[in-house]
Amino acid sequence: MELKRVVVTGLGALTPIGNTVPEYWDALLNGVSGAGPITGFDTEKFKTKFACELKNFNPEEFMDRKEARKLDPFVQYAIASTDEAVKDSQLDFSTLDTNRIGVIWGSGIGGIKTFLEEMRNFFSGDGTPRINPFFIPKMIIDIVPGHISIKYGLRGPNFATVSACASSTNAMIDAYNYIRLGMTDLIISGGSEAIINEAGIGGFNAMHALSTRNDDPATASRPFDKDREGFVAGEGAGTIILEELEHAKKRGAKIYAEIVGGGMSADANHITAPHPQGLGAKMVMSNALNDARMNTSDIDYINVHGTSTPLGDISEISAILDLFGEHAYNLNISSTKSMTGHLLGAAGAIEAIAAILAVKNDIVPPTINHFTDDPQFDANLNFTFNKAEKRTVRAALSNTFGFGGHNASVVFKKYEA
């Protein structure tokens, strides 16, 4: 059968460096750090006292106060970014077949704040289970696509994907496949995460995964720098409207880029550590390119996973060098986590947006906070350190890797009629 072409027709972003796509993109290009002292809880006894929190987010701009109280923050974030994406795509659902429009969403952890608050209330009581009736519906990850489908009346495929930090990339790949197989016309996809609370920060501290650079939070996320020592937690959401090409053209939609490939693989190595030679990372990028029927020489930019961890950064760059060979030196490579922090299950969505806009606008956002070269990295590679670079970006690859050894990559290219 002939596969359908799939394009991006709408974007929405709620990030630590911007609450809309234009704000987010402008901050990326200007190298703005979203990190600062945590304001949501008392960090006095925590090893890490900073994160990339959202700024000036008010859920009541997107829903009434009563509704907001029934939703965990990760759901509120998803609804906010989706509101922007639907408006950006100029979707009028009353004119479309909503039986063929779906929602596929990703989150790594979901409603951890809701779980924390309910258990705190329970264990501080007398043992009587006075549980909020919204406890389960607030917490479960699949409630996001449920809420979005209810809001817009969408009856197509509706589910959530969970693969830690690869979750929203897996969601996009599923959406891409459903559309190109002709099973649906349009899917709202993306991811959201809200883990900046005592459980999230304490848990990642216990794993020694987070940076503890409390004296200088703004520069703590420093991918590929010799002195990197852990990731910085972030929160927020990203939404991408994926649409079958002819469906988009029929309604006169603007097109940002075309999604042409998705790859998946497993490290099969360790529950948290990446494969030391990057075998899973190499395989997932190769799978994505094969699915796109593209060569390594067709890629101009890679938005890397680049978490600023000692082992992860080395593993990913080893995989790039192994797969791309000499063409690796023609690539721009950057980690936008240096600015946003790591949004875990939402990382794939907001980083895909960065890759899409790089393709559309022919400019690559930087990797900020680079101070000291690490001799373990080839100095001839272009990590786009500290300053955005203008260049033709014919196609971009976006990588996400998750605890458990889950790897997912997507390929976007310039749309050509």
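Among contacts in the protein chain between residues at least 6 apart in sequence, what percentage join residues at least 24 apart? After that, please take a close look at strand β4 (residues 101-106) and tell me which strands pair with β4.

Modeller: Happy to. This is a predicted model, so numbering runs from 1 along each chain as its sequence is written, local features need pLDDT of at least 70, and side-chain atom pairs count only at pLDDT 80 or more. Totals for chains, interfaces and linings use all residues, while side-chain values use heavy atoms, with hydrogens and water left out.

To your question: 79% of those contacts join residues at least 24 apart in sequence, a contact being heavy atoms within 4.5 Å. The protein chain has 13 helices and 14 strands; these are DSSP runs, numbered from the N terminus, with helices being H or I of at least four residues and strands E of at least two. Its radius of gyration is 20 Å, close to the 22 Å from the globule rule for 417 residues, so the chain is as compact as a globular protein of that length. That radius is taken over C-alpha atoms, and the rule is 2.2 Å times the number of residues to the power 0.38. Along the principal axes, the C-alpha atoms fill a box of roughly 65 × 55 × 40 Å. Of the 417 residues, 60% count as buried, meaning under 20% relative accessible area with a 1.4 Å probe, protein chains only.

Now for your strand. Six of the six residues of β4 are buried, so the strand is largely enclosed by the rest of the structure. I101, V103 and W105 point one way from β4, while G102, I104 and G106 point the other way, and both sets are buried. Two strands are said to pair if DSSP finds at least two bridges between them. With β6 (residues 186-193), β4 pairs in the parallel sense over six bridges, and G102 stands opposite I187 there. The pairing of β4 with β5 (residues 158-161) is parallel too, over four bridges, and A160 is the bridge partner of W105.

If you follow the chain on from β5, you reach the loop between β5 and α7 (167-180), where A164 lies. A164 is not a glycine, yet its phi is near 55°, a positive value. Most residues other than glycine have a negative phi. T384 also has a positive phi of about 55° without being a glycine. T384 sits in the loop between β11 (363-364) and β12 (389-390), and counts as buried at 0% relative accessibility.

Eight of its ten residues are buried, so β8 is largely enclosed by the rest of the structure. β8 pairs in the antiparallel sense with β14 (residues 406-413) over eight bridges, where M264 stands opposite A408. Three bridges join β8 to β1 (residues 6-14), also antiparallel, and I259 is the bridge partner of V6.

A248 is buried, with a relative accessible area of 0%. V8 and A248 are 240 residues apart in sequence, but their C-alpha atoms are 9.1 Å apart in space. Leaving aside neighbours within four places in sequence, A248 is in contact with V7, T9, E243 and A253.

Definitions and conventions. Buried < 20%, exposed > 50% of the residue type's maximum accessible area, 1.4 Å probe, protein only.
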